[in-house]
Amino acid sequence: MQVLKILLALGLLLPISLSAAEVEISNPWVNESIPGTENGAGYFTITNTGSSVISIVGATTAASRAVEVHQHVMRDGMMRMRRVPELTLEPSATVVFQPGGYHLMLFGVKNAFKPGDQVEFTLQFSDGDSVSFDAEVRSIR
Ligand SMILES: [Cu+2]
């Protein structure tokens, strides 16, 4: 830990923190909170703009107690959600997170989302990189 502090003080870790995954995030948004519920969902479109395969292995946000990558799947004629531990994108591949499909599932939203609010997310990749972006809260009406 002492070494880490020294490296941080010297700015030697800066190149590491700048080596973000080569991705393009567009159209990020979050549903306005439904009164009486404490869960939420975040959506965006992600494209792998690099030349290597990348994998989303997690996400974080300060806006809720927990966040997971989820997917809606049809099983026995019922729409269910399942956690996606790893989502792989080939070079040039695009995945759309949208209602009824992939989403960032927010558990225990701390302050109800109101239209116009910004929610910051960080996506974590299998190689240790991460990418942060702001999603705008959209009205559900
Ligand atoms: Cu979900």
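1. Contacts across the chain. Among contacts in the protein between residues at least 6 apart in sequence, 68% join residues at least 24 apart. Two residues are in contact if their C-beta atoms, placed from the backbone, lie within 7 Å. This is a predicted model: local features need pLDDT of at least 70, side-chain atom pairs count only at pLDDT 80 or more, and totals for chains, interfaces and linings use all residues. Residues are numbered from 1 along each chain as its sequence is written.

2. Elements. The protein has two helices and ten strands. Read from the N terminus, the order is α-α-β-β-β-β-β-β-β-β-β-β. Helices (H or I, at least four residues) and strands (E, at least two) are DSSP runs, numbered from the N terminus.

3. Burial. Of the 141 residues, 21% count as buried. A residue is buried if 20 or more other C-beta atoms lie within 10 Å of its own, exposed if 12 or fewer, and partly exposed in between; the C-beta atoms are placed from the backbone.

4. The core. The largest nonpolar core has 21 residues. Such a core is a set of buried Ala, Val, Leu, Ile, Met, Phe, Trp, Tyr and Cys residues joined through C-beta atoms within 7 Å. V30, L104, L106, V119, F121 and A135 touch the most other members. Two or more residues each come from β2 (40–48), β3 (54–60), β4 (64–75), β8 (103–109), β9 (118–125) and β10 (130–138). In soluble globular proteins, nonpolar side chains tend to be buried together.

5. Which residues is F121 in contact with, leaving aside its neighbours within four places in sequence? They are G42, A59, T61, L104, S132, F133 and A135.

6. Strand β2. This strand has two faces. G40, G42, F44, I46 and N48 form the covered face, while A41, Y43, T45 and T47 form the uncovered one. Two strands pair if DSSP finds at least two bridges between them. β2 and strand β1 (residues 23–31) pair in the antiparallel sense over six bridges. Within that pairing, W29 has Y43 as its bridge partner in β2. Three bridges join β2 to β8, again antiparallel, and G42 has L104 as its partner in β8. Three bridges also join β2 to strand β7 (residues 94–96), which run antiparallel.

7. Strand β8 and β4. β4 and β8 run antiparallel and are joined by six bridges. V67 stands opposite L106 in β8. L106 is also among the core residues that touch the most other members.

8. A closer look at E136. Leaving aside its neighbours within four places in sequence, E136 is in contact with W29, G116 and Q118. E136 and Y43 are 93 residues apart along the chain, but their C-alpha atoms are separated by 9.8 Å.

9. Two loop residues with positive phi. D76 has phi near 55°, a positive value in a residue other than glycine. D76 sits in the loop between β4 and β5 (78–83). D76 is exposed, because 5 other C-beta atoms lie within 10 Å. S92 has phi near 75°, also positive in a residue other than glycine. S92 is in the loop between β6 (87–89) and β7. S92 is exposed, because 10 other C-beta atoms lie within 10 Å.
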